[in-house]
Amino acid sequence: MTPLLVALGAMVGAPLRLLVLRLVVRVGRDPAVGTLAANVVGSAVVGVLLGRADVPASVVTLVGTGFCGALTTFSTFGADVLRLVEERLLVRALAYLAASLVLGLGAAAAGYALSR
């Protein structure tokens with residue numbers, strides 16, 4: 001049952017991330033902005049899930065592992081940082097790296113705290 005729940009969550013999370021990235025590119029922004037947004041939202045959702053003691057394990061698997069696991073992306077984040085460095089946009093790469101860490105951890109902590 002667990003693999004099915006993960007797959008079902010991922011079937012929603014992955015297309016949503018792709019939609020966010022395409023919308024960001026469509027309005028002329030750097031795709032890293034979309035990656036940052038997806039990662040922050042996913043971090044907040046995981047924080048809320050983990051802050052609630054009454055969430056069934058199946059919901060954590062479906063939403064936390066499946067949906068958020070597919071919505072957030074460490075590999076695209078890494079590729080974005082590498083691309084910015086290769087384009088010699090070092091300040092932007094460092095700002096993106098710092099913003100991702102601070103906003104992602106902050107969103108998870110805020111979600112956790114607010115759900116308790």
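A nonpolar core is a set of buried Ala, Val, Leu, Ile, Met, Phe, Trp, Tyr and Cys residues joined through side-chain atoms within 4.5 Å, where buried means under 20% relative accessible area, with a 1.4 Å probe and protein chains only. The model is predicted: local features need pLDDT of at least 70, side-chain atom pairs count only at pLDDT 80 or more, and totals for chains, interfaces and linings use all residues. Residues are numbered from 1 along each chain as its sequence is written, and side-chain values use heavy atoms, without hydrogens and water.

Start with the core. Select A32, L36, F77, V81, L84, A93 and Y96, the 7 residues of the largest nonpolar core. At least two residues each come from α2, α4 and α5 (helices are DSSP runs of H or I, at least four residues, numbered from the N terminus). α4 supplies the largest share, 3 residues.

Next, stay on L84. Beyond its neighbours within four places in sequence, L84 is in contact (heavy atoms within 4.5 Å) with D30, L89, L90, R92, A93 and Y96.

Move to D30, in the loop between α1 (2-26) and α2. D30 is buried, at 17% relative accessible area. Show its side chain: it reaches the backbone nitrogen of A32 at 2.8 Å. The side chains of D30 and R83 are joined by a polar contact of 2.7 Å (a pair of N or O atoms within 3.5 Å; within protein, one must be able to donate a hydrogen and the other to accept it, and residues adjacent in sequence count only if both atoms are side-chain atoms). Apart from neighbours within four places in sequence, the contacts of D30 are V24, R83, L84 and R92.

How values were computed
Buried < 20%, exposed > 50% of the residue type's maximum accessible area, 1.4 Å probe, protein only.
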